[in-house]
Amino acid sequence: MGACSSCSAGVPSRSRIPAYRSVWRRIERLVRRINQRHGRNGWAPIVLLPEQLSRTAILALYRIADCLMVTSLHDGMNLVAKEYVAARADGDGALVLSQFTGAAREFPEAFLVNPYNLDGTAEALGAALTMPEPQRRVRMMRLRERVLEWNIYRWAGEMLDTVLRLPDPEVVS
């Protein structure tokens, strides 16, 4: 697993807003600096993809990524994490996940991080990338079991069951 490239599909959806363009230019400069410092023989640790990707392309990237890192500062469920786990049919891979995502509650086997803590996040990423294969596979197996078990049908069933247990409004009045 040693070397890992990070693919980031950062589609600049608000490119007409000057502040977003400024942030995007800063990201591009940082990626260039990191790749110049850490790249080797045509390999770059970060591949920034500033375009919309097809589902097939995204699936292919999930399948070859040694690790997926989701560092949202505030988020809902974050389906990207679930998509990555579902795509890893080979049973390998590691997930680094912000503790602020909804998926963090479901995925204790992920490397949970506070993205405001840069040193802790870097340590977790290092641990994810250097973890021995058998341990990675056990974690991924548990993540995949959870994704398979808690699918849309189970969610819908739980929602309907909850609605059925609500008190009848006519009886409560």
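## A first look at this predicted model

At 18% relative accessibility, Asn35 counts as buried, because the cut-off for that word is under 20% relative accessible area. You will find Asn35 in helix 1. Leaving out neighbours within four places in sequence, its contacts are Ala44, Pro45 and Ile46.

Now follow the chain to Asn41, in the loop between helix 1 (18-38) and strand 2 (46-48). Is Asn41 buried or exposed? Asn41 is exposed, at a relative accessible area of 86%. Its backbone is worth a look as well: Asn41 is not a glycine, yet its phi is positive, at about 45°.

**The whole chain**

Stepping back, the protein chain holds eight helices and five strands. In sequence order they follow the pattern β-α-β-α-β-α-β-α-β-α-α-α-α. The chain has 173 residues, and 29% of them are buried. Its accessible surface is about 11800 Å², with 57% of that belonging to carbon and sulfur atoms. Take the contacts between residues at least 6 apart in sequence: 62% of these join residues at least 24 apart.

Which strands pair with strand 4? One is strand 3 (residues 67-70), which pairs with strand 4 in the parallel sense over four bridges. Another is strand 5 (residues 111-113), which runs parallel to strand 4 and is joined to it by three bridges. Val96 takes part on both sides: Val96 is the bridge partner of Met69, and Val96 also stands opposite Phe111 in strand 5.

Leu95, also in strand 4, is buried at 1% relative accessibility. Not counting residues up to four places away in sequence, Leu95 touches Leu68, Ala81, Tyr84, Val85, Phe107, Ala110, Phe111 and Leu143. One of these, Ala110, is 15 residues away in sequence, and the C-alpha atoms of Leu95 and Ala110 lie 5.0 Å apart.

| Residue | Relative accessibility | Class |
|---|---|---|
| Asn35 | 18% | buried |
| Asn41 | 86% | exposed |
| Leu95 | 1% | buried |

**The second largest pocket**

The elements that give two or more residues to its lining are helix 3 (79-87), helix 6 (133-149) and helix 7 (152-165). Which element gives the largest share of the lining? Helix 3 does, with three residues.

The residues lining this pocket are Leu79, Lys82, Glu83, Glu106, Phe107, Arg146, Val147, Trp150, Asn151, Ile152 and Trp155. By class, the lining has six nonpolar, one polar and four charged residues.

Terms used. Residues are numbered from 1 along each chain as its sequence is written. This is a predicted model: local features need pLDDT of at least 70, side-chain atom pairs count only at pLDDT 80 or more; totals for chains, interfaces and linings use all residues. Side-chain values use heavy atoms; hydrogens and water are left out. Two strands pair if DSSP finds at least two bridges between them. Buried means under 20% relative accessible area, exposed over 50%, partly exposed in between (1.4 Å probe, protein chains only). Contact means heavy atoms within 4.5 Å. Accessible areas come from the Shrake-Rupley method with a 1.4 Å probe; for residues, only the protein chains shown count as cover. On a 1 Å grid over the protein atoms alone, a cavity is a set of points where a 1.4 Å probe fits but cannot get out, and a pocket is an open set with protein on both sides within 12 Å along at least five of seven lines; lining residues have an atom within 4 Å of a point. Ala, Val, Leu, Ile, Met, Phe, Trp, Tyr, Cys and Pro count as nonpolar, Asp, Glu, Lys and Arg as charged, and the others, Gly among them, as polar.
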